[in-house]
Amino acid sequence: MDLLFENVAQYTYFGVTDQETEKLSGDNITGENIDKRVSSITLRNGGIINLFDENIEQTWKSISFGGTSLWDTMLGAKSVKHDYIRLGDLNGSGGIFRLD
C-alpha cells in the first residue's frame with residue numbers, strides 16, 4: 001500500500017501497548033506486528049509525517065465523537081511515544097516531518 005499525504009494532510013500512528021497486544025493475541029489474532037512501520041509514503045505540497053507528541057495530543061483532543069475526544073477514547077494513547085518511524089520508501093517533494 002502506498003499512502004499519499006498532501007495539502008497539510010498528516011500521518012501519525014496510534015501505537016499499540018504491550019497490554020493491548022496481549023488482549024489481541026488472546027482473541028486468536030495472529031500475525032507479526034512491526035511497530036511504527038509503513039511500507040511506502042508519498043508527501044507532496046505540505047503533506048506531513050507528525051512525530052511531535054504535544055501537537056498530536058492537542059490535535060486528538062480537538063477531534064470529538066459524541067462529546068468525547070479522540071484522545072480520551074484511544075487505548076494507550078497517553079503512553080505512546082512518537083519517537084521514530086520506519087519507512088520502506090519515501091517519495092514526493094514539499095513534505096514536512098514534524099518532530100519534538
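S69 belongs to strand β6, residues 68–69. Helices (H or I, at least four residues) and strands (E, at least two) are DSSP runs, numbered from the N terminus. With neighbours within four places in sequence set aside, S69 is in contact with W60, K61, I63 and S64; contact means heavy atoms within 4.5 Å.

The model is predicted, so local features need pLDDT of at least 70 and side-chain atom pairs count only at pLDDT 80 or more, whereas totals for chains, interfaces and linings use all residues. Residues are numbered from 1 along each chain as its sequence is written, and side-chain values use heavy atoms, with hydrogens and water left out.

**The whole chain**

Of its 100 residues, 27% are buried. Among contacts with a separation of 6 or more, 84% join residues 24 or more positions apart. The accessible surface comes to about 6800 Å², and carbon and sulfur atoms account for 50% of it. Accessible areas come from the Shrake-Rupley method with a 1.4 Å probe; for residues, only the protein chains shown count as cover.

**The parallel sheet**

Select β2, β4 and β8. These 3 strands form an open sheet in the order β2-β4-β8, with parallel pairing. β2 and β8 are the edge strands, each pairing on one side only. Two strands are taken to pair if DSSP finds at least two bridges between them. Strand β2 (residues 10–11) meets β4 over 2 bridges, and Y11 has I49 as its bridge partner in β4. On β4's pairing with strand β8 (residues 96–99), there are 4 bridges; I49 is partnered there by F97, and L51 stands opposite L99.

Now show the side chains of β4, residues 48–51. Which way do they point? I48 and N50 point one way and I49 and L51 the other, and all are buried. In a regular strand the side chains alternate between the two faces of the sheet.

Centre the view on N50 in β4. Its relative accessible area is 1%, so N50 counts as buried. The N50 side chain reaches the backbone nitrogen of F52 at 3.0 Å. Beyond its neighbours within four places in sequence, N50 is in contact with Q10, Y11, T12, N55, I56 and R98.

L90 lies in strand β7, residues 86–91, and is partly exposed at 41% relative accessibility.

**Two loop residues with positive phi**

Select V8, in the loop between β1 (2–6) and β2. V8 has a positive phi of about 65 degrees although it is not a glycine, and at 60% relative accessibility V8 is exposed. Move on to N45, in the loop between β3 (37–44) and β4. N45, also a residue other than glycine, has a positive phi near 45 degrees; at 53% relative accessibility N45 is exposed.

**The salt bridges**

How many salt bridges does the structure hold? There are 3, a salt bridge being a side-chain nitrogen of Lys or Arg within 4 Å of a carboxyl oxygen of Asp or Glu.

- Select R44 and E6, whose side chains meet at 3.4 Å, N to O. R44 is in strand β3 and E6 in strand β1, so this pair ties together parts 38 residues apart in sequence. R44 is partly exposed at 35%, as is E6 at 27%.
- Select D83 and K36, with the closest N and O atoms 2.6 Å apart. D83 lies in the loop between α3 (70–73) and β7 and K36 in the loop between α1 (18–26) and β3, so the pair ties together parts 47 residues apart in sequence.
- Select K61 and E57, which meet at 2.7 Å, N to O. The two are 4 residues apart in helix α2 (residues 53–62), and are therefore separated by about one helical turn. K61 is partly exposed at 44%, and E57 is partly exposed at 27%.

Note on methods:
Buried means under 20% relative accessible area, exposed over 50%, partly exposed in between (1.4 Å probe, protein chains only). A polar contact is a pair of N or O atoms within 3.5 Å; within protein, one must be able to donate a hydrogen and the other to accept it, and residues adjacent in sequence count only if both atoms are side-chain atoms.
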